[in-house]
Amino acid sequence: MQPEEKLAGEEVEYQTCDPGFTTTDWATFRDDDIMQQHNAIQAEEAVKKPYVSDKERNIIFLMQEPLSVLSEEYQSGSPILLEKIQVLSESYAAIRRTRGDGNCFFRSFMFSYLEHILESQDKAEVDRITANIEQCKKTLQSLGYADFTFEDFFALFLEQLENVLQGNESSISHEDLVQRSRDQSVSDYVVMFFRFVTSGEIRRRSEFFEPFILGLSNTTVEQFCKTSVEPMGEESDHVHIIALSDALGVPIRVMYLDRSSCDAEGVSVNHHDFIPTVGDVQNTTSKGVSDFVKPFITLLYRPGHYDILYPKQSGKQY
């Protein structure tokens, strides 16, 4: 991914990982060693900003973040961005910020997905993704990964899935989910789960992903996975999103807040729906998405960073 672009008027600096972070052969590297290696990267950021911010205000201290906070952030910035934020506000009510540590896409996906299951109690969706996760395990095994390199990460995510379903002794509340998402020992393990799933999907379909990877980094698929997918702190691009969406079978909508030009009809906000596909067929673009396919995860992308968007209950939808 290209280096982060500093937007005029932006008050929040999104940090990338330590450039000195070294990679290794992750197929034989123990999970405990992986976590120890990246803990130092996380330590400095941990005292600055929680992994997940607060969506709603309660009577104690949690701070609501309506989408209008973005307008305040860009008051001295580009007028086109302010206009686009106004357009976004027609469809979206709130934003949940995630830490800019290079893992923001995976953290945003993690919280948004688990929050969706907690609120919908969609047992059929849990059964479906659990079956996909089992297939992802088999993919990694077929690629030569030893079970001990990824099994703890998989187990922890499956535990979170079980916990957000109500009616169990281990069931958790929304407040519990927020606190767990801010817990480094939980959040980082789930991020590593997503990174292994993403890497396995890219390697499994290497012929499909190779042209995209050559355009991004001019490296081989294997080297890309070793240096840009599996290590903590490495930023995500469309290749990561396509692979994760396809592997888990979860559609993802990304809204792009940038300075891209608008057409003669006025200001609009570009977006893309990443719709899971079967086999080696390229993901459908937003213009070709069937009416019945509605991504329930919506992320806001600003150059170098992803946050979570919450749609209004009614109103214009893209």
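In this predicted model, the axes of helix α8 (residues 184-204) and helix α9 (residues 206-217) approach to within 6 Å and cross at roughly 100°, where axes are lines fitted to C-alpha atoms, for helices over the stretch in contact, and angles run from 0 to 180 degrees between N-to-C directions. Helices (H or I, at least four residues) and strands (E, at least two) are DSSP runs, numbered from the N terminus. Because angles of 65 to 115 degrees count as roughly perpendicular, those under 35 as roughly parallel, those over 145 as roughly antiparallel and the rest as oblique, α8 is roughly perpendicular to α9. The residues that make this contact (heavy atoms within 4.5 Å) are E201, I202, R203 and R204 of α8, together with S206, F209 and I213 of α9.

A second pair, helix α4 (residues 104-120) and helix α6 (residues 151-164), packs at an angle of about 30°, with the axes 8 Å apart, and α4 is therefore roughly parallel to α6. Here Y113, L114, I117 and L118 of α4 meet F157, Q160, L161 and V164 of α6. The protein has eleven helices and five strands in total.

Of the 318 residues in the protein, 50% are buried, that is, they have under 20% relative accessible area, whereas exposed residues have over 50% and partly exposed ones lie in between (1.4 Å probe, protein chains only). Beyond its neighbours within four places in sequence, F194 touches F106, F109, M110, F157, L244 and L248.

The mean pLDDT, the predictor's confidence in each residue from 0 to 100, is 80, and 72% of residues reach 70 or more. Over residues 40-48, however, the pLDDT is below 50, and it also stays under 50 over residues 279-291. Where pLDDT is low, the predicted coordinates should not be read in detail.

Residues are numbered from 1 along each chain as its sequence is written, and side-chain values use heavy atoms, with hydrogens and water left out. Local features need pLDDT of at least 70 and side-chain atom pairs count only at pLDDT 80 or more, while totals for chains, interfaces and linings use all residues.
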